[in-house]
Amino acid sequence: MRASLFITCFNDTMFPRTGQAVVEILERLGVEVDFPLEQTCCGQMHFNTGYAKETIPLVRRFVRAFSDSEVVVSPSASCVAMVRDHYGQVAELSGDASLAREVESLTPRVLELTELLVDELGVEDVGAFFPRRVTYHPTCHGLRMLKLGDRPLRLLRAVRGIEVLELEEATECCGFGGTFAVKNADTSIAMLTDKVRTILDTGAEVCVAADNSCLMHIGGALSRQRAGVRAMHLAEILAQTEPAPGAGSTA
Amino acid sequence: MTDAAKHPSFPEAARTALADTQLRHNLGHATRTIRAKRAVVVSELDDWEQLREAGRALKERIVRHLDDYLIGLEEAVTRAGGTIHWARDADECNRIVGDIIAAHGADEVVKAKSLTTEEIKLNEALLERGIKAWETDLAQLIIQLSDDMPSHILVPAIHKNREQIRELFVRTLEEAADDLSDDPRELAETARRHLRRLFLESKVGISGVNFAVAETGTVSVVESEGNGRMCTTLPEVLISVMGIEKIVPSWQDLEVYLQLLPRSSTAERMNPYTSLWTGVREGDGPQEFHLVLLDNGRTDVLADTVGRQALNCIRCSACLNVCPVYERTGGHAYGSTYPGPIGAILTPMLSGLDEAGSLPYASSLCGACYEVCPVKINIPEVLVHLRRKVVEHERQAGGLAGRVAPERLAMQTMARVFADRRLYEAAQRTGRLAQWPLVRRGKIERLPGPLAGWSSARDLPPVPRQSFRDWWRQRS
């Protein structure tokens with residue numbers, strides 16, 4: 001299989017290690033990965049804040065960048081949800097019938113990372129090793145728009161050495177919500193505080209999710225509070241493997 | 001519809017509410033409890049998803065053929081001996097109701113809990129004509145006695161606890177014993193003694209409407225306490241006020257909503273009191289029945305093909321109970337009769353973007369509301385749709401200031417950068433260089449301008465030295 005990586009502007013700029021991890025996992029599983037350099041941003045922030053017109057050129061660019069791809073894979077549930085659930089609306093708004101057709105043919109091939117691994121490649125054990133106590137936060141768009149279900153948890157539980165601890169009120173939003181975190185900062189912080197409390201209650205040392213935007217939000221509070229817990233993208237855990245025997249002691 | 005013009009914006013009102021520890025505690029407890037109960041009773045029905053779809057599809061048809069159904073209802077109610085009144089807006093509705101009461105020489109009326117009459121501020125309008133309208137729903141009575149505003153669709157006094165209610169009753173009700181405790185049974189008994197006299201003495205009763213059957217002219221009110229039934233059966237004259245969207249085509253359609261509503265709202269399999277009446281019947285119940293059909297902005301909502309799904313709402317309040325924003329800010333922050341997610345879409349459409357333009361942004365778009373809505377209103381979709389209208393409205397109505405607002409300029413600039421790969425890559429490099437005054441010990445703890453809201457509680461990692469695309473290019 002050949003998969004085109006849709007890294008998202010946010011991961012490209014802020015979290016390149018997540019992208020590197022995705023490449024590592026996929027290549028380990030025999031997938032050929034390419035990265036169309038023409039890609040930039042999916043337009044989610046513009047669309048969700050009310051700037052739909054400004055989103056149209058970004059949809060055009062996305063469709064052009066990935067038109068030849070067999071499968072498009074992305075480590076961001078909310079950006080995939082933007083493409084799959086809203087690109088049709090934006091294309092309709094543009095009044096460009098050919099864009100609408102291109103969107104319709106491309107979007108079913110755009111997959112979130114855990115969908116590609118579990119549904120397309122049929123794997124849950126990706127050969128990862130991560131001897132840490134972690135807890136998993138299902139992000140809202142992955143949970144309710146993509147309906148990822150327990151795919152991320154199945155992948156996590158198959159990691160050797162890991163201990164997955166259950167998070168209370170796991171399905172409640174962390175309060176990020178894109179521009180919501182700034183426009184309604186007080187409410188966002190109140191939601192975040194409760195999320196951080198449940199994370200700390202688990203006793204985990206790592207909070208895992210499949211979306212770096214929510215993780216930057218949660219991780220930002222963990223860092224500010226000197227909580228001694230870090231936020232980490234699922235792909236970065238799945239990319240870690242057991243050191244080869246004789247290659248020195250483990251951490 | 002509300003005095004939202006005087007009301008602060010949502011972020012401002014929320015800041016005050018979030019600091020109220022009593023409110024946070026009361027609401028957190030109440031919404032967690034009802035959420036858990038709802039999940040249990042909903043899981044009991046194998047056909048819940050089919051019921052939701054039936055509820056949605058029926059409402060879609062109703063809204064599409066509303067004119068026909070309304071005329072059908074008018075004919076059926078008239079045939080059964082009732083009188084129909086049409087009210088364009090709040091003022092007209094309040095005048096109609098006031099005139100009927102005045103014609104019977106009453107200066108005191110009893111009311112069943114009704115959001116629609118809250119929306120049009122009926123009590124205040126009647127008081128100006130010297131008519132005292134007594135709320136008889138326990139929670140609504142608590143709100144009235146404390147001169148407060150409802151903060152929840154179904155449980156208007158959800159923000160108050162037992163001790164606060166005990167103190168209120170001792171202060172305001174002559175029926176309250178001096179040693180009244182905060183035992184719910186004692187509190188309810190006190191309210192009961194107070195209300196009993198009003199039920200027996202009032203000549204006119206007022207109610208809202210949950211459903212009106214176009215085919216038969218039957219009107220229905222569902223409730224938990226039985227006070228509503230007292231209001232609709234004991235007085236000689238009954239006036240019911242309904243939003244024009246509260247119609248169902250046939251008697252059989254009630255089957256769908258009478259299953260969806262109680263499980264979604266109070267987490268009950270069946271609501272304790274379902275009152276249904278058709279016109280008037282000699283010697284049984286009120287001998288005069290008036291049904292006022294209220295528009296008050298609803299036909300404008302109807303014209304919005306995306307927003308009109310808000311008219312599907314059956315006022316169950318499940319969306320409030322699951323909303324992480326509502327759970328923390330409470331209902332008052334929304335400055336509207338309709339708080340929570342449904343209020344965030346309905347209020348701006350009913351009272352305009354000038355009054356309620358901040359409400360479509362009062363959501364993280366987490367989608368929990370859509371997931372539980374018994375009639376499948378896609379609230380996140382309508383929120384984003386209304387945000388587009390806010391952006392457009394500000395561009396047009398805001399003059400030069402609206403066109404060059406910092407947010408608009410930032411969004412337009414970013415859109416231009418993202419639309420051009422070279423600009424995008426240049427911006428990545430610029431960000432890496434420009435951040436240095438902000439980075440301290442490997443993180444950013446203070447951000448300037450409108451981004452300061454982020455850094456007030458959250459650190460930000462610095463932009464790393466190498467972007468993913470730089471790594472990729474280097475690798476291949």
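Biologist: In this predicted model, what makes helix α16 of chain B oblique to α19(B)?

Modeller: The axes of α16(B), which covers residues 340–351, and of α19(B) come within 10 Å and cross at roughly 40°. Angles under 35 degrees count as roughly parallel and those of 65 to 115 as roughly perpendicular, so a crossing at roughly 40° makes α16(B) oblique to α19(B). The crossing in which α16(B) passes α19(B) is left-handed.

Biologist: Which residues make the contact between α16(B) and α19(B), and how many of them are nonpolar, polar or charged?

Modeller: From α16(B) come B:P341, B:I342, B:A344, B:I345 and B:P348, and they meet B:I379, B:V382, B:L383 and B:L386 of α19(B). Pro, Ile, Ala, Val and Leu count as nonpolar, and the contact accordingly has nine nonpolar, no polar and no charged residues.

Biologist: Why is α4(A) called oblique to α6(A)?

Modeller: Two packed helices are described by the angle between their axes and the distance between the axes. Helix α4 of chain A (residues 52–66) and helix α6 of chain A (residues 97–106) pack at an angle of about 55°, with their axes 10 Å apart. Since roughly parallel requires an angle under 35 degrees and roughly perpendicular one of 65 to 115, the angle of about 55° makes α4(A) oblique to α6(A). The crossing of α4(A) and α6(A) is left-handed.

Biologist: How many charged residues does the contact of α4(A) with α6(A) have, and which residues make that contact?

Modeller: The helix α4(A) contributes A:V59, A:R60, A:V63 and A:F66, while α6(A) contributes A:L99, A:E102, A:V103 and A:L106. Arg and Glu count as charged, and by class the contact has six nonpolar, no polar and two charged residues.

Biologist: How do you know that domain 1 of chain A touches domain 2 of chain A?

Modeller: Chain A is divided into domain 1 (2–120) and domain 2 (133–238), and two residues are in contact if their C-beta atoms lie within 7 Å. By that cut-off, 24 residues of domain 1 of chain A are in contact with 20 residues of domain 2 of chain A. On the domain 1 side, the elements that give two or more residues include α2 (16–28) and α5 (77–94) of chain A, and by class this side has 13 nonpolar, seven polar and four charged residues. The C-alpha centres of the two domains of chain A lie 22 Å apart.

Biologist: Where do the domains of chain B run, and how far apart are their C-alpha centres?

Modeller: In chain B, domain 1 spans 15–298 and domain 2 spans 423–475, and their C-alpha centres lie 54 Å apart.

Biologist: How many residues of chain B are in contact with chain A, and which helix gives the most to that side?

Modeller: In this interface, 49 residues of chain B are in contact with 50 residues of chain A. The helix α19(B) gives the most to the side of chain B that touches chain A, with five residues, and by class that side has 28 nonpolar, eleven polar and ten charged residues.

Biologist: What values does the predictor give the complex, and where in chain B does pLDDT stay under 50?

Modeller: The complex is given an ipTM of 0.96 and a pTM of 0.95. Chain B averages a pLDDT of 94, and 99% of the residues score at least 70, but pLDDT stays under 50 over residues 1–5 of chain B. Where pLDDT is low, the predicted coordinates should not be read in detail.

Notes:
Residues are numbered from 1 along each chain as its sequence is written. Chains are lettered from A and ligands numbered from 1 in the order in which they are written. This is a predicted model: local features need pLDDT of at least 70, side-chain atom pairs count only at pLDDT 80 or more; totals for chains, interfaces and linings use all residues. Helices (H or I, at least four residues) and strands (E, at least two) are DSSP runs, numbered from the N terminus. Axes are lines fitted to C-alpha atoms, for helices over the stretch in contact, and angles run from 0 to 180 degrees between N-to-C directions. Angles under 35 degrees count as roughly parallel, over 145 as roughly antiparallel, 65 to 115 as roughly perpendicular and the rest as oblique. A crossing is left-handed if the near helix is turned anticlockwise from the far one by less than a right angle, and right-handed if clockwise. Domain bounds come from an automatic or database domain assignment. pLDDT is the predictor's confidence in each residue, from 0 to 100.
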